[in-house]
Amino acid sequence: MSSRDLDTYRPQHPAQLADVLERVLDKGIVIAGDIQINLLDIELLTVKIRLLIASADKAREMGIDWWQGDPFLHGRNGQGELEERLRRLEEKAGLPTSEREEE
Amino acid sequence: MAAAPLHEDDTGWYLYGVVANGADPPPVAGVDPRDQVVVLAEGPVAGVASRVLLSEFDEAALVDRLADAEWLEQKIRAHEQVVEAALASGAVVPCRFCTVYRDESELRRFLSERGDALAEALARVEGRVELGVKAFAARPAAAGEASQAESGRAYLEARRREQQARQELARSRGEIAAQLHERLLAAAEDGVVLALQSRDVSGRDAEMVFNGAYLVADRGRFEDALAAISRERDDVGLELTGPWPPYNFVSEELSRP
């Protein structure tokens, strides 16, 4: 699709799940003022919901439980940090930096 | 889930948003379809709410529920549907997902304690809607040159060129975004820049270069501004979403009691 084709238009209804999520979830969930459940990465959550909904039956069969085991949703573990450190080192060494897109 | 009616003992109140006192309850099902959505008036404002099982919506249960993508999408869509239905008949201060009170008195206390601030927030969004604007650029050529390079030196040079191209692209996209936001803001009452969505999330081939939300009083004027930008810029495709409840234009402390 050329970018020109996109022009101004309204996407399909109902609204894209991602657009709804980024509005209703914001940065987390708060219950009655005192309880806070943090959702550190709405984007990641959206991807997962989309993937799971695409194959909801299959996911159920397999008993996927991504929330519990997900480091992004439970506080960051060292991985992102490690990548960032690698990137900085490569920059320092004058090397082209690692591209995460190539995964 | 059993279809038994909800008992007061095991239920809390799910708050969708706040409207002016006197507004009718939106005629749609809530996040628990067994109970009706009602308005609980308190001073100048009223809460749009319905009862939910605490076994489903209280803290411990919720963490598990959130792991269930189907449940989550269903409830999020139901939340949005109620707020949009309320919006159809007047101004709404929308609450975020899962704003739950353990009993009615807690909910009423929030409404009465924050009544003035809520009424002000309602006045601010009265007659205005939130519109979303996203801009997409064509995807850059795949960065595969380096992997085909024959020598180490050629590889490094290719990587450098790719990196420069990416930086150039990022700079021009930053300019596009800044310009878009400035012009759209001029046709709106207020605006915010939202996080870009990746292709996985947007579901589009093209890469998102801008994502913004605007509080708009005059939709014709705003859409004219958008159309003018669209005519001038053939390097981006624009997408308009909404009208949304003004999620991005109510203060966090009000939408998160």
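In chain A, 32% of the contacts between residues at least 6 apart in sequence join residues at least 24 apart. This is a predicted model, and 20% of the 103 residues of chain A count as buried in it.

**Chain A**
- Chain A contains six helices and two strands, which are arranged along the sequence in the pattern α-α-β-β-α-α-α-α.

**Helix α9 of chain B**
- Helix α9 of chain B, covering residues 219-232, has 14 residues and reaches 20 Å from its first C-alpha to its last, which is close to the 20 Å expected at 1.5 Å a residue.
- The buried residues of α9(B) are F222(B), A225(B), L226(B) and I229(B); seen down the axis of the helix, they fall within an arc of 95°, so they line one face of α9(B).
- The exposed residues G220(B), D224(B), A228(B) and R231(B) are on the other side of α9(B).
- The cover over the buried residues of α9(B) includes, from chain B, β6 (129-137), α7 (152-186), β8 (207-216) and β9 (236-244).

**Largest nonpolar core**
- The largest nonpolar core has 73 residues, of which Y14(B), Y16(B) and Y214(B) touch the most other members.
- Helix α3 of chain B (residues 69-88) supplies the largest share of this core, eight residues, and the core draws at least three residues from each of domain 1 (8-126) and domain 2 (129-249) of chain B.
- Leaving aside residues up to four places away in sequence, Y16(B) touches V48(B), A49(B), H79(B), V82(B), V83(B), A86(B) and C95(B).

Note on methods. Residues are numbered from 1 along each chain as its sequence is written. Chains are lettered from A and ligands numbered from 1 in the order in which they are written. This is a predicted model: local features need pLDDT of at least 70, side-chain atom pairs count only at pLDDT 80 or more; totals for chains, interfaces and linings use all residues. Helices (H or I, at least four residues) and strands (E, at least two) are DSSP runs, numbered from the N terminus. The expected span of a helix is 1.5 Å times one less than its number of residues. A residue is buried if 20 or more other C-beta atoms lie within 10 Å of its own, exposed if 12 or fewer, and partly exposed in between; C-beta atoms are placed from the backbone. The arc is that of the directions from the helix axis to the C-beta atoms. Two residues are in contact if their C-beta atoms, placed from the backbone, lie within 7 Å. A nonpolar core is a set of buried Ala, Val, Leu, Ile, Met, Phe, Trp, Tyr and Cys residues joined through C-beta atoms within 7 Å. Domain bounds come from an automatic or database domain assignment.
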